[in-house]
Each structure stands twice: as C-alpha cells, then as structure tokens.
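Hello,

Here is the structure we talked about handing over.

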Amino acid sequence: MVYDLIIIGGGIVGISTAWQLKKAYPRKRILLLEKETGFSRHQTGHNSGVVHAGVYYAPGSLKAQFCREGNRETVAFCRRHGIACERCGKLLVATDTKEEARMQALFERCRQNEIKARLLGRREMKRMEPHIEGTGAIFVADSAIVDYGEVSVAMAEQFLALGGEVRLQHEVCALRETDKSMELEVGRAKERLQAGFVIVCAGLMADRLACMQGLDIDFSIIPYRGEYYKLAPRREDIVSHLIYPIPDPELPFLGIHLTRMIDGSITVGPNAVQGWKREGYGRLNFDLQDTLEMLAFPGFWKATANHLAAGLKEMKNSLWKRGYLEEARKYCPRLQLADLLPYPAGIRAQAVLRDGSLVHDFLFAESRRSLHVCNAPSPAATSALPIGRYISAKTREKIG
Ligand SMILES: Cc1cc2nc3c(=O)[nH]c(=O)nc-3n(C[C@H](O)[C@H](O)[C@H](O)COP(=O)(O)OP(=O)(O)OC[C@H]3O[C@@H](n4cnc5c(N)ncnc54)[C@H](O)[C@@H]3O)c2cc1C
C-alpha cells in the first residue's frame with residue numbers, strides 16, 4: 001500500500017501532527033499508525049491533565065513558545081468540541097526564604113515569557129487556599145485542567161473527518177529509507193507499506209525507531225516513572241486551585257503537586273523515579289531488554305551520578321509512603337497518610353545525551369524522507385496543537 005505521508009505514534013503529538021498535515025494537504029493520502037488497541041495509551045493517557053501556562057521554561061525556547069500558544073489553543077479547542085476543560089488557576093507556593101528567592105526568579109521568568117502572574121503575600125494566599133501553608137505564592141490564572149485522552153480522540157476524529165486513515169494495533173517493526181520512498185514493515189504479518197515521507201512521534205520508543213531507520217543519534221530514552229496517589233473523596237475540597245511547590249532549578253521535574261483533575265478528584269504527585277520497563281506501569285515491572293540497553297548507555301550512568309542525591313531521595317519516598325506524604329505536607333500540613341489512595345503511575349520519555357545531560361527542549365532528527373520527534377517532554381500535551389503545526393510547516397519543503 002502506498003501513502004504520501006505516514007505518521008507513527010497515536011499519542012497526542014502524533015495525532016495533532018496527522019490532523020495538521022491533513023489540513024495542510026487535503027489531497028494527500030495520510031495514514032496514522034498506532035501499535036496499541038486505542039489512542040493515547042502511554043504518556044498522553046497517564047499524565048496530570050494540566051494545561052500549563054508556561055511559567056518555567058527558558059525564554060526563547062520552543063517549549064516556552066509552544067506552551068503559551070498551546071494553552072490558549074487547547075482551551076479554545078475544548079470549547080469548540082464540547083470537552084470539559086476548566087481554567088482553575090495555579091499557585092506556586094514558597095515555604096521558606098530559600099524558596100522565596102527562587103519564587104522571585106520564577107516571577108521574573110513569567111514576565112519574560114509574557115505569562116500573566118501575580119505575587120501573593122501569605123494573607124492573600126490563605127484567603128484563596130485556607131489549607132495551604134507558606135510564606136507567599138505566585139498565582140497563575142491561565143493554568144487549566146483537562147483529560148488529554150479525550151482531547152486526542154477529538155483531534156483524531158477531526159483527522160478522520162478530513163479523510164485521514166488510522167490503523168490501530170499496527171506496530172512498525174522495520175523502517176527503511178531508499179532514494180524513492182520510505183518502506184515500513186508493520187504488525188506480526190509484516191505487512192509492507194510505502195510512503196513518500198514519514199513522521200515519527202513514538203514517545204517512549206523514539207530512540208528505537210530512529211535506530212531502526214539507521215539514523216545517527218546520540219541520545220537514549222530513559223524512562224522516569226511518575227508515581228501518584230489520589231486523595232480520599234472526603235479531601236476533595238481541600239484545595240480549589242492547582243498547588244505546586246517552587247521547583248529546584250537544578251532538577252528537571254516540578255516536584256510533587258496537588259492537581260485537581262477534571263473528574264473532580266485530586267491527585268498528589270508525580271514523583272520522578274527510575275523506571276525499569278519503558279511501558280510498564282506497575283511498581284515492580286521490569287524488562288530485561290529495556291534495562292540492559294539502559295545500563296549499556298554511558299549517558300544513563302552520568303545522568304544518574306549528576307542527580308544522585310535527588311534520585312535517592314525520590315526512590316526512598318517512592319518506597320516509604322510517609323516520606324512521600326511529607327513532601328506534600330510542606331505546603332498542605334492537613335494531609336494524613338490515610339488520605340493517600342492508590343492511583344496509576346505515568347512514565348516520562350526523557351531523552352538523555354551521551355554526556356549525561358537531560359534534554360529539556362524539543363529535539364528532532366531528520367533525513368531526506370523522515371522527521372523524528374526525539375524528545376517531547378512535558379508540557380507537550382499542552383503544546384500538541386502548535387507542535388503539530390510546527391512539524392507540518394517544517395516538513396513542507398520536503399513533502400512538496
Ligand atoms: C507523569 C506525567 C505527567 C505529565 N503531566 C503533564 C501535564 O500535566 N501537562 C502536559 O502538558 N504534559 C504532561 N506530561 C507530558 C505529556 O504527557 C507528554 O509530553 C505527551 O503526552 C507526549 O505525547 P507523545 O504523543 O509524544 O507520546 P505518547 O503519548 O507516549 O505517544 C507515543 C505513541 O507512539 C506509539 N508507538 C511507539 N512505538 C510505536 C511503533 N513502533 N509503532 C506504532 N506506534 C508506536 C505508542 O504506543 C504511543 O501511543 C506528563 C507526562 C507524564 C509521564
């Protein structure tokens with residue numbers, strides 16, 4: 001079967017890209033391939049559901065630009081398609097003088113990133129959130145909540161309505177570039193497909209697909225689990241905004257937060273601990289191939305050494321629920337052990353370079369007939385609409 005374009009990966013980035021391409025090239029035959037039985041079964045379906053405003057990201061980075069645009073566009077998309085989405089706002093709470101200094105720096109970053117934000121003193125913060133303790137906070141009104149599974153299904157419906165094709169349970173097992181086309185082998189039956197151009201949005205499998213095609217890459221995907229708890233229903237009115245700590249700028253993740261979910265529940269988390277299976281969500285999941293590949297990659301050891309103290313603390317708190325609780329009790333002391341109920345984990349696909357540095361921004365690899373999204377870290381769910389548009393524009397010359 002011959003297509004003009006094939007997109008691999010039915011998470012929110014792949015779906016948005018497929019839709020934007022179909023809008024840009026209505027006459028082209030475009031196929032979206034996903035290996036699971038449904039869309040968004042990995043990162044997109046296991047996240048916090050926050051439509052970020054873009055507070056944290058380096059000014060001028062793709063992350064900062066996409067997040068700002070994505071916040072506005074995601075909320076508008078949800079309104080147009082009748083998807084529940086609430087601009088509930090977010091507080092970043094400082095609990096001591098060290099965090100207050102960091103809070104000032106973040107506030108300045110909000111200004112640089114053109115994010116509407118307000119500094120709150122303790123009294124005003126307590127008025128907004130009586131159960132939260134701290135010395136002050138940044139209030140960001142534009143942060144919102146949504147179910148990204150629902151958003152991505154609605155985008156897929158738009159793609160299908162324009163004549164796009166989707167095949168679920170079609171895992172790409174081989175990918176080869178020739179002078180004339182891209183050749184793919186798909187599924188157990190090894191069905192052969194051909195395309196003029198291929199875009200790969202494979203999340204936790206991004207490096208494997210790039211290697212499958214023989215691209216020369218210098219990163220590996222390291223899985224970092226994000227473990228959550230859910231608050232007992234009797235605590236669901238404990239906060240009315242999203243409550244985040246002030247993050248340590250040396251660390252790549254945001255710290256355990258209280259997140260109001262769009263279904264009315266509240267999650268606590270996620271932490272960031274080493275995963276031993278890329279797509280294994282249970283605490284004890286282990287995969288020999290994933291682990292051996294990771295241990296053989298020099299960047300894994302360097303990244304682990306660079307963040308050793310933080311990594312050990314995260315691991316301790318993952319195993320010791322009271323330690324996890326204490327992280328949230330720093331700003332919400334009313335929480336008790338009995339309030340934390342089990343909730344499914346998510347797994348972040350973090351691109352790590354050979355020298356051990358974690359890639360913070362989007363990362364792409366290209367060949368004449370392909371574009372691979374190698375790193376699409378948080379807030380890529382927020383940013384999926386502008387990312388899809390960016391990829392569509394980036395590939396215009398090559399697609400012709
Ligand atoms: C714990 C956690 C919390 C997060 N919180 C937020 C948040 O609140 N807000 C936010 O904006 N972002 C958040 N993120 C980040 C966000 O979820 C991801 O950046 C985003 O979902 C990435 O989308 P994706 O399409 O690139 O990847 P994925 O959703 O992982 O999709 C990749 C798809 O590719 C498919 N695939 C892989 N290999 C193949 C193959 N060989 N053949 C066919 N298909 C294949 C997979 O099955 C998968 O469906 C969070 C992430 C995590 C893990």
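**Surface and overall build**

The protein chain exposes about 17,500 Å², and carbon and sulfur atoms supply 52% of that area. Accessible areas come from the Shrake-Rupley method with a 1.4 Å probe; for residues, only the protein chains shown count as cover.

Some ground rules. This is a predicted model, where local features need pLDDT of at least 70, side-chain atom pairs count only at pLDDT 80 or more, and totals for chains, interfaces and linings use all residues. Residues are numbered from 1 along each chain as its sequence is written, and side-chain values use heavy atoms, with hydrogens and water left out.

The protein chain has twelve helices and 20 strands. These are DSSP runs numbered from the N terminus: helices are H or I with at least four residues, strands are E with at least two. Along its principal axes, the C-alpha trace spans about 65 × 45 × 35 Å. For 400 residues, a compact globule would have a radius of gyration near 21 Å; the protein chain has 21 Å, so the two agree. That radius is taken over C-alpha atoms, and the globule rule is 2.2 Å times the number of residues to the power 0.38.

Of the 400 residues, 54% count as buried. Buried means under 20% relative accessible area, exposed over 50%, and partly exposed in between (1.4 Å probe, protein chains only). Now contacts, meaning heavy atoms within 4.5 Å. Among those between residues at least 6 apart in sequence, 74% join residues at least 24 apart.

**Two buried residues**

N71 sits in helix 2 (residues 62-81). With a relative accessible area of 5%, N71 is buried. A polar atom of the N71 side chain lies 3.0 Å from the backbone oxygen of H52. Leaving out residues up to four places away in sequence, N71 touches V51, H52, A53, R87, D142, S143 and T382.

E185 is in strand 11 (residues 182-186). E185 has 17% relative accessibility, so this residue counts as buried. Its side chain makes a polar contact with the side chain of R192 (3.4 Å). A polar contact is a pair of N or O atoms within 3.5 Å; within protein, one must be able to donate a hydrogen and the other to accept it, and residues adjacent in sequence count only if both atoms are side-chain atoms. Beyond four places in sequence, E185 touches residues including E171, C173 and K190.

**Two partly exposed residues**

R122 lies in helix 4 (residues 122-128). R122 counts as partly exposed, at 43% relative accessibility. The R122 side chain makes a polar contact with the side chain of E133 (3.0 Å). Not counting residues up to four places away in sequence, R122 touches E133, G134, T135 and G136.

L254 is in the loop between strand 14 (242-245) and strand 15 (257-260). With a relative accessible area of 21%, L254 is partly exposed. L254 and N271 are 17 residues apart in sequence, and their C-alpha atoms are 8.6 Å apart.

**Helix 10**

Which residues of helix 10 (residues 321-329) are buried? They are G323, Y324, L325 and A328. What covers them includes strand 13 (219-231), strand 16 (266-269), helix 9 (308-319) and strand 18 (340-353).

Best wishes
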